[in-house]
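Student: I would like to go through this model one element at a time. Could we begin with the pairing of strands?

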Amino acid sequence: MVSTHGAEVLVASNRGPVSYEVREDGSLHAKRGGGGLVSGLSAIGPDAGAVWVCAALGDADREAVRRFEGGRRLPSEATGGQQVRMLDIDAEVFADAYNGIANSVLWFVHHMLYQTPLEPVFDAEFRRQWRSYEAYNRAFAQALAEEAAEGAAVLVQDYHLTLVPGMLRDFRPDLRIGHFSHTPWAPADYFRMLPDDIAGQVLRGMLGADRLGFLTQRWADAFAGCCEALVGGLGGTRVGVHGLGADADFLRERSHRSDVFERMAALREEIGAGPDGGPRRTIVRVDRTELSKNIVRGLLAYRRLLEDFPQWRERVVHVAFAYPSRQDLAVYREYTAEVRRLAEEINERYGTPGWTPVVLHVKDDFARSLAAYRIADVALVNPIRDGMNLVAKEVPVVSDAGCALVLSREAGAYEELGDDSIVINPYDVVATARALHEALSMPGPERAERAKRLADAATALPPTQWFLDQLSALRPDVTD
Ligand code: G6P
């Protein structure tokens, strides 16, 4: 099965660097995927010569694969130059694996999102979906086995693909296999909610890799704890920590283009001036509308701020961008609706003719996110659990005057940014309101100094280096 023209470096992830939409005239339009994984990996760019294996995520992607794929890879003019092999996995198998197992089970386990009196219930339907997850992982392992040159390095990404390292090892013992988790890892007591055989399969699948990477020591330790409790330890698999940082050069350049200036002007218009005629303060948040991001408690904390510190009424605006995510899942749709409802309620309760307390946008717009970063006085990053959280790292780099960061201690970014942030327990909305008040009250020079230190820490490991470090750690002569 070894390909003579195979690639020396391969990346595998569910979501790839591009995804397509069909325009009204029938033409296909490529767009960049969202989320931390794609943001991090895209920096590698086409130059590294890596082949990226990913899944077709919907009908437009499937259409692209069928339309473009004479050979096995998409033509580079359709991918922005990156070499991409997009897998056209049966739509039902994909839905079971992605919505059913990856996003409704593994994501929930690692972010500890279950409402445990009623869930999870691992029934026959779960077993059926699990078989699809196995088939989907096998499709990736097979494609990687076909694409890889003798002795190539393969970097497998995230919880969608936990079984790939073990399967690929069976197909191609010659390969050097790494796996990287972009999420937290659950502590053993929570992880073992999974049926024993499934928990064992996930861990053994991962341990098929030569080396596993995590975003923080906390997640690496949790994984080691699960292996200790359930499969007798890590075996020969090495574990390393790579705290993916923000891409300073890209962000600074991108945030000074004209489309960002235009959006800054539009946002300033929406925010308006305070009673003294000066610009209002802004509390900015930018997230996928994701259960773990804790957007609802963020709004509750903002409401509390307006109650407990009424001096901010008319003087502050909460700019909240909550971009749609995983809308196939009912619980995400309900969460999205709750975010909207609460924002409206706050605006009705406190708003005045010249002041809208919450400016909520739900249409994904990267240029507008950068515009909000630039004008932010305070950034609110309050996840209940998060592998890293790149927004926390991006805002201090981009903000013009230096913004204060209110940061959850449950975000991976806390390990690197905790010292210069105002740190919160994400469940405590009273304390979060107080933290917002403290951040808004911070004197300008202190804010600027802190933001400078935050930006330095946030960019210590740029994505390209993050990727190259993992690649070199996979070399046979390197030990951790
Ligand atoms: C997280 C995951 C990524 C995922 C991203 C967006 O960052 O770690 O693997 O791509 O969320 O989620 P989505 O389901 O839209 O790919």
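Student: Over how many bridges do strand 10 and strand 13 pair?

Tutor: This is a predicted model. Strand 13 covers residues 378-381, and its pairing with strand 10 is parallel. Val-284 stands opposite Ala-379 of strand 13. The number of bridges between strand 10 and strand 13 is two.

Student: Is strand 10 mostly covered or mostly open, and how many of its residues are buried?

Tutor: A residue counts as buried when 20 or more other C-beta atoms lie within 10 Å of its own. By that cut-off strand 10 is mostly covered. Of its eight residues, the number buried is seven.

Student: Which strands stand at the edges of the open sheet of seven strands?

Tutor: The order of this sheet is 5-4-1-6-7-8-9, with parallel pairing. Each edge strand has a single partner, so one side of each is left without a neighbour in the sheet. From one strand to the next, the twist averages 20°. The edge strands are strand 5 (83-87) and strand 9 (238-241).

Student: In strand 7, what is the bridge partner of Ala-153?

Tutor: Strand 6 (residues 148-157) and strand 7 (residues 176-180) pair in the parallel sense over five bridges. The bridge partner of Ala-153 in strand 7 is Arg-176.

Student: Is Glu-8 buried, exposed or partly exposed?

Tutor: Glu-8 lies in strand 1 (residues 7-12), and it touches Ala-149, Ala-152 and Ala-153, leaving aside residues up to four places away in sequence. Within 10 Å there are 15 other C-beta atoms. A residue is buried at 20 or more and exposed at 12 or fewer. With its count in between, Glu-8 is therefore partly exposed.

Student: At roughly what angle do the axes of helix 10 and helix 13 cross?

Tutor: Helix 10 (residues 258-271) and helix 13 (residues 366-375) have axes that come within 8 Å, and the crossing is right-handed. Among the residues that meet there are Met-264 and Leu-267 in helix 10 and Leu-370 and Ile-375 in helix 13. The residues of this contact divide into eight nonpolar, no polar and five charged. The axes cross at roughly 65°.

Note on methods
Residues numbered from 1 in each chain as written. Predicted model: local features only at pLDDT ≥ 70, side-chain atom pairs only at ≥ 80, totals over all residues. Helix = DSSP H or I, 4+ residues; strand = E, 2+ residues; numbered from the N terminus. Contact = placed C-beta atoms within 7 Å. Pairing = 2+ DSSP bridges. Axes fitted to C-alpha atoms, helices over the stretch in contact; angles between N-to-C directions. Left-handed = near helix turned anticlockwise from the far one by under 90°. Nonpolar A, V, L, I, M, F, W, Y, C, P; charged D, E, K, R; others polar.
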